[in-house]
Amino acid sequence: MPRSLWVMIAASLGFGFVTATTFTSLGYVLYTMVADLGWSQAAAGSSFALLGLACGLASPLPPFLIKLVGSRLTLFIGAMVLAAGFLLASVVQEIGLFFVATALMGAGFSLIAPSPGVFLIATWLPERSARLLGVYFMAGSLGGVVGPLIVGAIVGLAGSWRVHWAMMGVAAIALGLLFLVAVRDAVTVESAEQVKHAATGQVAPAKAPAWTVRQAMRSPAFLLIAAAMLVVQTVVTTLHSVLVSHVAGIGGGAGAAAAGALAMSLLALTGTLAKGATGALAEKYDARWLLILGLGLQFGAVALLATAQTPMLAILAALLFGIGWGLAWLSAHVLILRYFGAALAADLTAMATMATTLAVLGPLSAGWVADRTGGFAPIFLVFAGLLALVIASTTLFLRAPRALPQPDVTSPRDDDPLLVPAE
């Protein structure tokens, strides 16, 4: 088997694993942990927020570690950090120790995906990098589909969330060994910029773009797109944290918790499929309207969650939200690419993603509201209001920049390659 294929398989498996075992399944594990250890919903939300915060703050590390020790050891270190977080979570009694565990999980996530995988694919398979990046991110999204189901199966059979964390720790160690065996760098990494620009299929500094990063970040178009991404990520992060508990609260009993896991998996599955479809749709239709459509579907889904009286309605809401999430998330990235060009796409996506670190406030707010009101419906109404505000501002004010700041610039071509964003 060619080395490049081994690298592709290992990187994709790593992305799927970290997605399955952290953000998309933590809400399910928290539901059982809260019931067992008597933690408050606010404490549970804080642990989820720390996961997201650690992931965001650790995102600059992979490019520099790859420069220092290479992709193979960077991925291995990430797997060991992730394993440490999982194994620590398996023995916790106090919430403070679990905060440390989730922070380790978040750091491990960033060290494994997506930056190292994007760099490896762009350097090993440059001719097919755009298509294979789509496969890579699809693998990451599919991890979110199976994650809640795996948690449900392990906890259901073993009767203990501790067994789940211990098994994930062992699996992370095995993943680290796979990285050592399968991964090699195709090129010598001389600067962190090579890694940062790999998302554009380039491993050397690109030709000077028409826009500077600072000019683009100050433009109304970028600010509106970043605001939409922030709201979407806040709602998505919160749903991953509380959806199982919310559905269980509606129906009551173990069956309702299983319905919550199904809702979480459907959200991830429809989001994955919608991202894949949006890339093709954006070639035929204005990505701005696809963004607005996605935001509208999320608004309807969140409003339905706030008023749903049965688990089936909540599952329907999760399905609609997944479609809207996929549409909006990918459309936002396409708009960044088309408005500002491929050379700045990686930098501007990183800036927008860093801004979405504020999404960690969503689970904190949801837990605080649930502790005081007995449910999550009020926070869903707040999210519906935020989505309505973003829909209005995007519809009224988001337009392609009328003039680029440098006179020698041509407009982006319609056939510019589409980047597939990270989760």
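The legends below accompany an overall view and several close-up views of a predicted model.

View 1. When contacts between residues at least 6 apart in sequence are considered, 85% of them join residues at least 24 apart.

**View 2. Serine 265 within helix α13.** The helix that holds serine 265 spans residues 254–281. Serine 265 has a relative accessible area of 5%, and because this value falls under 20%, the residue counts as buried.

**View 3. The surroundings of serine 265, with a polar atom of its side chain 2.8 Å from the backbone oxygen of valine 145.** Leaving aside residues up to four places away in sequence, serine 265 touches Gly144, Val145, Pro148 and Leu149.

**View 4. The largest nonpolar core, which has 122 residues.** The residues with the most contacts inside this core are Phe98, Trp165 and Phe380.

**View 5. Phenylalanine 380 and the residues it touches.** Phenylalanine 380, one of the residues with the most contacts inside the largest nonpolar core, touches Leu239, Val242, His246, Val302, Leu305 and Ala306, when residues up to four places away in sequence are not counted.

Technical notes: Residues are numbered from 1 along each chain as its sequence is written. This is a predicted model: local features need pLDDT of at least 70, side-chain atom pairs count only at pLDDT 80 or more; totals for chains, interfaces and linings use all residues. Side-chain values use heavy atoms; hydrogens and water are left out. Helices (H or I, at least four residues) and strands (E, at least two) are DSSP runs, numbered from the N terminus. Buried means under 20% relative accessible area, exposed over 50%, partly exposed in between (1.4 Å probe, protein chains only). A polar contact is a pair of N or O atoms within 3.5 Å; within protein, one must be able to donate a hydrogen and the other to accept it, and residues adjacent in sequence count only if both atoms are side-chain atoms. Contact means heavy atoms within 4.5 Å. A nonpolar core is a set of buried Ala, Val, Leu, Ile, Met, Phe, Trp, Tyr and Cys residues joined through side-chain atoms within 4.5 Å.
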